[in-house]
Amino acid sequence: VADTDILVIDGGGTALYSGFQAAPLERFRNVVSLNAISSMGTAPGQMIGALEAQPKDRVIGIIGDGSFVMALNALPSISSNSNAFLIVITNGGYLAIRHTQERFLGSRFDGTWNPGKNDLPSVRKISESLGFRYFEYSMESSPPVEEMLNPRITPNAATVIEVYTDPSQEPFWSVDSEFDHRTGKPVPLPLSIMTNGFGAIDA
């Protein structure tokens with residue numbers, strides 16, 4: 001990461017939490033994220049704005065596989081810009097929503113996914129059809145990160161890096177709150193508490 005790089009984190013889903021927890025935020029020039037209303041699929045559109053505002057700088061986006069499919073209309077606008085790098089966190093789609101469905105809906109996964117029946121479209125096929133350089137990240141077999149993030153290797157193509165994660169692993173983050181009996185409203189817990197797996201809501 002260079003101090004001129006711009007980081008764009010998608011506005012919703014597991015990639016939002018992963019991006020803020022894993023990225024070295026202090027090393028980027030700017031960090032952009034539209035997350036106040038959990039706006040899934042916004043990262044490529046925001047990358048367009050960042051690339052136009054700073055055309056010489058590298059713009060690195062982080063997005064989930066569910067949000068990636070929501071952003072198909074914006075992807076062609078960055079596909080030929082070699083300074084655009086989109087990291088796709090692939091976990092079977094809509095993992096943050098599925099965690100909520102597990103917790104509050106008795107594991108009724110309505111509107112998210114059904115493995116083997118309605119899997120998400122292939123990130124690789126979409127990326128290559130639009131002219132992106134495509135990498136599947138693996139600690140064992142991937143090219144060096146410096147090579148994947150080098151805009152000079154393919155001057156007329158943006159890059160998609162797909163990172164597979166295990167959707168069955170325990171989440172590191174937790175959205176939780178306490179009930180304020182004085183106001184009758186739930187109060188979000190501090191971020192320092194919401195990073196240790198699922199907690200119980202005090203009702």
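Is Ser-38 buried or exposed, or does this residue count as partly exposed? Ser-38 counts as partly exposed because its relative accessibility is 46%; buried means under 20% relative accessible area, exposed means over 50%, and partly exposed is in between (1.4 Å probe, protein chains only).

## About the model

What you're looking at is a predicted model, so local features need pLDDT of at least 70 and side-chain atom pairs count only at pLDDT 80 or more, while totals for chains, interfaces and linings use all residues. Residues are numbered from 1 along each chain as its sequence is written, and side-chain values use heavy atoms, with hydrogens and water left out.

## The chain as a whole

The protein chain has 6 helices and 8 strands, taken as DSSP runs numbered from the N terminus (helices: H or I, at least four residues; strands: E, at least two). Going along the sequence, the pattern is β-α-β-α-β-α-β-α-α-β-α-β-β-β.

Of the 203 residues, 42% are buried. Take the contacts (heavy atoms within 4.5 Å) with a separation of 6 or more: 70% of them are between residues 24 or more positions apart. Accessible surface comes to about 11,100 Å², with 55% of that belonging to carbon and sulfur atoms; areas come from the Shrake-Rupley method with a 1.4 Å probe, and for residues only the protein chains shown count as cover.

## Inside: the cores

A nonpolar core here is a set of buried Ala, Val, Leu, Ile, Met, Phe, Trp, Tyr and Cys residues joined through side-chain atoms within 4.5 Å. The largest one has 21 residues, and Phe-68 and Leu-86 touch the most other members. At least two residues of this core come from each of E1, H2, E3, E4 and helix H5 (123-129), and H2 gives the most, with 4 residues.

Setting aside neighbours within four places in sequence, Leu-86 is in contact with residues including Pro-44, Met-47, Phe-68, Leu-75 and Val-160. There's also a second, separate core of 15 residues, and Ile-62, Ile-89, Met-148 and Leu-149 are among them.

## H1 and H4

Helix H1 (residues 14-22) has Thr-14, Ala-15, Leu-16 and Gly-19 buried. Their cover includes strand E1 (6-9), E3, strand E4 (84-90) and helix H4 (95-104).

Over in H4, the buried residues are Leu-95, Ala-96, Arg-98, His-99 and Gln-101, and H1 is included in what covers them. After H4 comes Gly-106, with a positive phi near 65°.

## Two loop residues

Back to Ser-38, which sits in the loop between strand E2 (30-32) and H2. Leaving out neighbours within four places in sequence, Ser-38 is in contact with Gly-11 and Gly-12. Its C-alpha is 7.5 Å from that of Gly-13, 25 residues apart along the chain.

Gln-54 is in the loop between helix H2 (43-53) and strand E3 (59-64), and counts as partly exposed because its relative accessibility is 30%. Beyond neighbours within four places in sequence, Gln-54 is in contact with Ile-6 and Arg-29. With Arg-29, there's a side chain to side chain polar contact at 3.0 Å; that term means a pair of N or O atoms within 3.5 Å where, within protein, one must be able to donate a hydrogen and the other to accept it, and residues adjacent in sequence count only if both atoms are side-chain atoms.
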